[in-house]
Amino acid sequence: MDKERRIILTGFMGVGKSTIARFLASLLDCKKIDLDIFIEQNEQMRIAEIIKSAGEAHYRRIETENLRRVLICDEAQIIALGGGAWTIEENRRLIKERDFTTVWLESSFEHCWRNIRQSKRERPLAVNKQIAAKLFDERQRFYCLADWHFVIKPELTSFEIARKIAEEVFSMRF
Ligand code: S3P
């Protein structure tokens, strides 16, 4: 098993990055950090509140600062990003410098939108389907810069997806 490998999970809102990161960390018996949670704890504020009160550009600066902190702490082997983090050039540069393997959880817009709608989490950048779909289309060219592309089939559970990533990215045998 490739124990040393450190990975970043990226992909659109609602694709399941946080849940998959949690299962993956338990399968690999390693630590994970969820960047969104890290930001909220550190800033003592909900991300939705930051975006609504100070705007997206301000939030992106906060996100990059926090990403920098997360990347230098060697504790976490798995990091789940927020859906916009990987679209920022500076963030991609920081991630590459730290030698992470990036995994894009790729799925259809409909799959993400279903999860966004069902989730209690407030997402100010996806307030309606049309806005979210536009963002989804605009971001594909950034997501596809990730090292690995993992197509999320809707019939698979988050645990099964985590297992597949463990097998394929970490050469783990079950
Ligand atoms: C965002 C996604 C969110 C969160 C913020 C911005 C985005 O995270 O970071 O609301 O720009 O796509 P999730 O992908 O976990 O929803």
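How many cavities of 30 Å³ or more does the structure hold? I looked this up and found 1 cavity of that volume. I took a cavity to be a set of points, on a 1 Å grid over the protein atoms alone, where a 1.4 Å probe fits but cannot get out.

**Basis.** I worked with a predicted model, in which local features need pLDDT of at least 70 and side-chain atom pairs count only at pLDDT 80 or more, while totals for chains, interfaces and linings use all residues. I number residues from 1 along each chain as its sequence is written, and side-chain values use heavy atoms, with hydrogens and water left out.

I noted about 40 Å³ of space in the largest cavity; a volume is the space filled by probe spheres set on the grid points, which are joined across faces, edges and corners. Its lining (residues with an atom within 4 Å of a point) includes F12, W104, C112 and Y143. β4 (101-106) and α7 (129-143) each give two or more residues to this lining. I read helices (H or I, at least four residues) and strands (E, at least two) as DSSP runs, numbered from the N terminus. I counted 7 nonpolar, 2 polar and 1 charged residue in the cavity lining. Here Ala, Val, Leu, Ile, Met, Phe, Trp, Tyr, Cys and Pro are nonpolar, Asp, Glu, Lys and Arg are charged, and the others, Gly among them, are polar.

**Entry on the pocket.** I then turned to the largest pocket, of about 820 Å³; a pocket is an open set with protein on both sides within 12 Å along at least five of seven lines. I found 40 residues lining the pocket, with G14, S18, D36, R121 and R123 nearest its centre. Helix α1 gives the most to this lining, with 5 residues. The pocket lining divides into 14 nonpolar, 12 polar and 14 charged residues.

**Entry on the ligand.** The ligand takes up the space of the largest pocket. Of the 13 residues around the ligand, I recorded K17, D36, R60, R123 and R139 as coming nearest; a residue is near if one of its heavy atoms lies within 4 Å. This shell holds 5 nonpolar, 3 polar and 5 charged residues. Helices α3 (47-54) and α4 (56-72) each supply at least two of the shell residues.

I also looked up distances to oxygen atoms of the ligand. A polar side-chain atom of K17 lies at 2.8 Å, a side-chain N or O atom of D36 at 2.7 Å, and a backbone N or O atom of G84 at 3.2 Å.

How values were computed: A polar contact is a pair of N or O atoms within 3.5 Å; within protein, one must be able to donate a hydrogen and the other to accept it, and residues adjacent in sequence count only if both atoms are side-chain atoms. A molecule sits in a cavity or pocket if more than half of its atoms lie within 2 Å of its grid points.
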